[in-house]
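Q: Hi! Could you walk me through this structure while I have it open?
A: Happy to, let's bring it up.

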Amino acid sequence: MVGRITSTLILLFYVSILWAQPMVGYYFGRDREVNRGRKFKSIEETYEVKLKEVNVPAIKIVKTFDVKGNITSKISYGAEGGVSSDMKWIYNPNGDFLERKHRYFVNMVGWREELVRIEYNPDTRMPEKITVEREGKMLQRATVTIDTLGRIEMSQVYNASGALAFIEKLIYLQPANIIRVLVYRPNNQFYGTWSYPIDPGKEFAVSAVSQEKYDNGDIRLETLTDASKGDQAYYYEYKYDSQGNWVEKDTYQVNLGKSNKIKKKKLEHRITRKITYQ
């Protein structure tokens, strides 16, 4: 299987690779790290594929944070050590995300740049307008509507020529820690759905994926909700530092026995982190 679970997660979480993500996703989908100790100053992550039959060089990602714990930069390095992606964030004094600039390299094309800006209502401190530029040209802009509870209710998305392109409607599922974004075309034809956490500091999962967690909240096991005896799943093991943050995460492909008993562990992937605190 690097099959059913991987395919489902890609479909549900990373559909933006195939379709442009919702405009509100730039607000909800900000990079945040679960932190159980002092504020992060930097995190260096190394990603390694551990399958013996696959020879893939390790890659590295380096993140830096401001004094409030907000991420300020995220640089990805390719297999040869060169920069493949560079993201930078700017915040206002309240810690609200104002701007994100993303430079990324595309094979056979070269460097590309995307700029996201968010404007806020000074009274509610909620987004009013979101704009996306690519290569210095306006790609999309969205006007945001807030409900009586102070949450984003919907957004109307306009293309570069000013025509209405999409309508994004939001549903909040509190027990599951999920914001569901339903996207429609102007004729009310359904286009797609995306999910984001209500509380970014907590884990969340879509209904098609079942999770078991350790006592500290880190994910122990992920399976499809229709998994049965013998089905494969993903099992996670961690090592922690003195602050309670993980510094090594191993992903195993496993078979499930009765009551989700783990069988036939096969190490597939490892992430190691070097964390510096403020």
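Q: Where is Val49 found?
A: Val49 sits in strand S1, which covers residues 40–49. Keep in mind that this is a predicted model.

Q: Is Val49 buried or partly exposed?
A: Val49 has a relative accessible area of 32%, so Val49 is partly exposed.

Q: Which residues form a nonpolar patch on the surface?
A: The patch consists of Val49, Val54 and Val56. Together they have about 180 Å² of accessible area.

Q: Switching to charges, how many salt bridges does the count come to?
A: The count comes to 19 salt bridges.

Q: Nice. What do the side chains of Arg273 and Glu33 do?
A: They meet in a salt bridge, at 3.2 Å from N to O. Arg273 is in strand S17 (residues 262–277) and Glu33 is in the loop between helix H2 (25–28) and S1, so this pair ties together parts 240 residues apart in sequence.

Q: And is Arg273 buried or exposed?
A: Buried, because the relative accessible area of Arg273 is 6%. Glu33, on the other hand, counts as partly exposed at 23% relative accessibility.

Q: What about Glu45 and Arg273, how do their side chains meet?
A: In a salt bridge too, with 4.0 Å from N to O. This pair links distant parts of the chain, with Glu45 in strand S1 and Arg273 in strand S17, 228 residues apart. Glu45 and Arg273 are both buried.

Q: Which residues are linked with Arg273 in a network of salt bridges?
A: Glu33, Glu45 and Lys63 are linked with Arg273 in that network.

Q: OK, over to Glu133 and Arg117. What do their side chains form?
A: A salt bridge, at 3.1 Å from N to O. Glu133 is in strand S7 and Arg117 in strand S6 (residues 110–120), and the pair links these distant parts of the chain, 16 residues apart.

Q: Which of those is buried, and which is partly exposed?
A: Glu133 is buried, with a relative accessible area of 19%, and the cut-off for buried is under 20%. Arg117 is partly exposed, with a relative accessible area of 34%.

Q: Let's look at backbone angles. What is the phi of Glu135?
A: Glu135 has a positive phi of about 55°, although it is not a glycine. The residue lies in the loop between strand S7 (127–134) and strand S8 (137–146). With 42% relative accessibility, Glu135 counts as partly exposed.

Q: And what is the phi of Asn188?
A: Asn188 also isn't a glycine, and its phi is positive at about 70°. You'll find Asn188 in the loop between strand S11 (178–184) and strand S12 (190–197).

Q: Good to know. What is the volume of the second largest pocket?
A: The second largest pocket has a volume of about 360 Å³.

Q: How many residues line that pocket, and which lie nearest its centre?
A: There are 17 lining residues, and Asp31, Arg32, Glu33, Gly69 and Asn70 are the ones nearest the centre. Glu33 is the residue that meets Arg273 in a salt bridge.

Q: How do the residues of the lining divide?
A: Six are nonpolar, five are polar and six are charged.

Q: Last stop, a few contacts between strands and elsewhere. Where does Leu221 lie?
A: Leu221 lies in strand S14, residues 219–224. At 1% relative accessibility, Leu221 counts as buried. Leu221 and Tyr234 are 13 residues apart in sequence, with their C-alpha atoms 5.7 Å apart.

Q: And where is Gln232 found?
A: In strand S15, which spans residues 232–240. Gln232 counts as partly exposed, at 24% relative accessibility. The C-alpha atoms of Gln232 and Leu256 are separated by 6.0 Å, while the two residues are 24 apart along the chain.

Q: How far apart are Tyr196 and Tyr172 in space?
A: Their C-alpha atoms are 9.7 Å apart, and the two are 24 residues apart in sequence. Tyr196 lies in strand S12 and is buried, with a relative accessible area of 8%.

Conventions: Residues numbered from 1 in each chain as written. Predicted model: local features only at pLDDT ≥ 70, side-chain atom pairs only at ≥ 80, totals over all residues. Heavy atoms only, no water. Patch = residues over 30% accessible without salt bridge, like charges linked within 9 Å, V, L, I, M, F, W, Y side chains within 5 Å. Areas by Shrake-Rupley, 256 points an atom, 1.4 Å probe, with all protein chains shown as cover. Helix = DSSP H or I, 4+ residues; strand = E, 2+ residues; numbered from the N terminus. Buried < 20%, exposed > 50% of the residue type's maximum accessible area, 1.4 Å probe, protein only. 1 Å grid on protein atoms, 1.4 Å probe; cavity = no way out; pocket = protein on both sides within 12 Å on 5 of 7 lines; lining within 4 Å. Points joined across faces, edges and corners; volume = space filled by probe spheres on them. Nonpolar A, V, L, I, M, F, W, Y, C, P; charged D, E, K, R; others polar.
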